[in-house]
Amino acid sequence: MYTRIMVPVDLAHKDKLGKSLDVAAKLAASFEAELVLVGVTSALPGSLAHTPDEYREKLDAFAAEQGAAHGITARALAKIGHDVVTDLDRSLLAAIDEAGADLVVMQSHVPNITDYVWPSHGGHLASHAKVSVMIVRN
Amino acid sequence: MSDMDEQGIPAPEGASDIINTDYEIGQDNIDGQVGPFGFDIHNPVFLVSGLAVVAFVFYTLALPEQAGSAFTWLFGAVTKGFDWFFLGAANIFVLFCLFLIVSPLGSVRLGGAEATPDYTYIGWFAMLFAAGMGIGLMFYGVSEPMSHFSSSFGGIASEGGARTDWAPLGAAEGDEAAATRLGMAATIFHWGLHPWAIYAVVALALALFSYNKGLPLTIRSAFYPILGERVWGWWGHCIDILAVFATLFGLATSLGFGATQANAGLSELFGVPVNDTVEVLLITGITAIALVSVLRGLDGGVKILSEINMGLAFLLLLFVLIAGPTVAILTGFGDYLLAYVEYLPALSNPVGREDVNFMQGWTSFYWAWWISWSPFVGMFIARVSRGRSVREFLICVLLIPSLVCVLWMSVFGGVAIQQVVQDGYTAAQDAELPIQLFKMLDALPLTGITSLIGIVLVIVFFVTSSDSGSLVIDTITAGGKVDAPVPQRVFWCIFEGAVAIVLLLSAGGLASLQSMVISTGLPFTVVLLLMCFAIWRGLRAERS
């Protein structure tokens, strides 16, 4: 049914990825689909990596680790943005095409009052992506 | 811990000389949640600089007279007592940049040998200009050439052996042509190579140490070659706090003055009343537009606004060129450029000058002003310059903007002076500073449209300053993290508008705090001189 499942990941907050990765891995296993972990970073040095190359290596390693842990094929796709926090939605939308994904599984918080002014990334993706988007709540 | 959590420092794209430090970006940060808003701030830079700003505002409000006289004294002591230091240091910055352009070190690429530019020339150039001096060009494009022309034409006056006139160098009493050339040369001197060299030094230092050396994007990183690991302690905190302080007060005071000036312009054009309410509304409006731009980010906000403004400014320039005395302006451009080259050695001489008022009241003031702005502008330029070679960077940050300033001043100042000399039209000469531009436009056709474009330009330049300033302050107070939560930028943007409003409503608050900001130019001049040394060492390490 699905051949490539994209999961946006924030390497700095791996503890907050919650169930999304597990759900995506189980779906990938049952559809025999490939898992694509997408991370967005800036070209400037940050807490995770000092360069885009270093970030790519870390994301690749994380994808390999996840693939092995769940017995599925997993690869990484790193997007480099000028201003990561504000460009995140656009970068993720572009990543769907670039990865050739036909399903997006992503974590999102339970909506609160700020969502009226600041829509969640999951909400934005669900309303703008051409493929199916599955939002996993905490 | 898995392999993922290790913080090694591998090479950037292609060869570069990385700095080996155990410091982890964000290690001193505190992150958490206030209500629904997340934050990620540097301890103690965020808190100390925020509280220092509040303390200074309170001091100025509680004891306005004492604060006013203290800051005015400080300002006078700095610009008058250290005039030789500012002039000498600025000359060193220009020579250092020119040396780098021709030296083999110019081939080093920011971001590693194989890095590619983040922005196209147009987008990059528009942002350089909007951050660097856009607003100043609007206010001083007519008034400064006019002012130097008038004082030069008026000739030398002295009392007790000391010059009391404000003319540059030996003036040009009663000689219109010579006074025009001297006035234009002096203006171009203040807006040409020297200010851009000041910005280029800071921007180059920050870009080099972040993109090629893997250090965080904060002012302190440029000091690594000098201070070593101590840069992560209180030495570094102090440098960053001073930068935040100068940037925030610099932005808030110019926002306050800008509102006063925009109000004067609106009153002249549309009969809008001049009062506190209108000015507070203007600051609120500018801050609100800046907020939208902040939320849209670097590419969706500042970049688009900067490009729009560059297009509008170019149209206005073209219009004045065509509607004004075209041939005279074009020949003037070449002539004024030559006059600049001719007078440059005398104007930049730091010692033994007779034109003390001009040297201290104009040049030394300007240098201190540009230098106090340099952490903000330099950091913003660094942020958008990845992928350029040092030579390309310096040609585009130093030479091209200088030429554009020559063109701008030749057109706007040249037309205004021509109006006085040829047509005897003195409305611009006699007007208050904020409306001189509009008085000059009055004498040309389509005044309604061009004046409106003028006002839009002023407002949008303020928006881009407020926006890019919030971005810079947020990055410094987040310890160099560029992905801190957006509400932090929103906080700084609002904070800056609020400080501007409070100072505007207090009598004399704006002027006295602006004096204080300009005084921060003195410690920063030392900082910039040390940066030159750090750049030289950093670039040599890249090459070897």
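Author: Let's start with a term: a salt bridge is a side-chain nitrogen of Lys or Arg within 4 Å of a carboxyl oxygen of Asp or Glu. You're looking at a predicted model, where local features need pLDDT of at least 70 and side-chain atom pairs count only at pLDDT 80 or more, while totals for chains, interfaces and linings use all residues. Residues are numbered from 1 along each chain as its sequence is written, chains are lettered from A and ligands numbered from 1 in the order in which they are written, and side-chain values use heavy atoms, leaving out hydrogens and water.

Reader: What does Glu98(A) meet in a salt bridge?

Author: Its partner is Lys79(A), at 2.8 Å from N to O. Glu98(A) sits in helix α3 (residues 84-99) and Lys79(A) in strand β3, so the pair ties together parts of chain A that are 19 residues apart in sequence. Lys79(A) is buried, with a relative accessible area of 16%.

Reader: And in chain B, which side chain meets Lys439(B) in a salt bridge?

Author: That's Glu268(B), again given as 2.8 Å from N to O. Lys439(B) lies in helix α15 (residues 436-442) and Glu268(B) in helix α9 (residues 234-270), so this bridge ties together parts 171 residues apart in sequence. Glu268(B) is partly exposed, at 34%. Salt bridges can share partners, too: Asp83(A), Arg383(B), Asp474(B) and Arg489(B) are joined into one network that way.

Reader: How many salt bridges does the rule find across the interface of chain B and chain A?

Author: The rule finds 2 there. In one of them, Asp83(A) pairs with Arg383(B), the closest N and O atoms being 3.8 Å apart.

Reader: How many residues does the contact take from chain B and from chain A?

Author: Contact means heavy atoms within 4.5 Å. Chain B gives 42 residues and chain A gives 29. The area buried between them is about 2,800 Å², with 60% of it from carbon and sulfur atoms; buried area is the accessible area (1.4 Å probe) that two parts lose on being put together, summed over both.

Reader: What does the secondary structure of chain B come to?

Author: Chain B has 19 helices and 4 strands. Its radius of gyration (taken over C-alpha atoms) is 23 Å, close to the 24 Å from the globule rule for 544 residues, so chain B is as compact as a globular protein of that length. That rule is 2.2 Å times the number of residues to the power 0.38. The C-alpha trace of chain B spans about 80 × 55 × 50 Å along its principal axes, and 60% of its 544 residues count as buried.

Reader: How do the elements of chain A run from the N terminus on? What order do they take?

Author: They go β-α-β-α-β-α-β-α-β, with 4 helices and 5 strands in chain A. For 138 residues, a compact globule would have a radius of gyration near 14 Å, and chain A agrees with its 14 Å. Its C-alpha trace spans about 40 × 35 × 25 Å along the principal axes, and 52% of the residues of chain A count as buried. Among contacts in chain A with a separation of 6 or more, 74% are between residues 24 or more positions apart.

Key. Helix = DSSP H or I, 4+ residues; strand = E, 2+ residues; numbered from the N terminus. Buried < 20%, exposed > 50% of the residue type's maximum accessible area, 1.4 Å probe, protein only.
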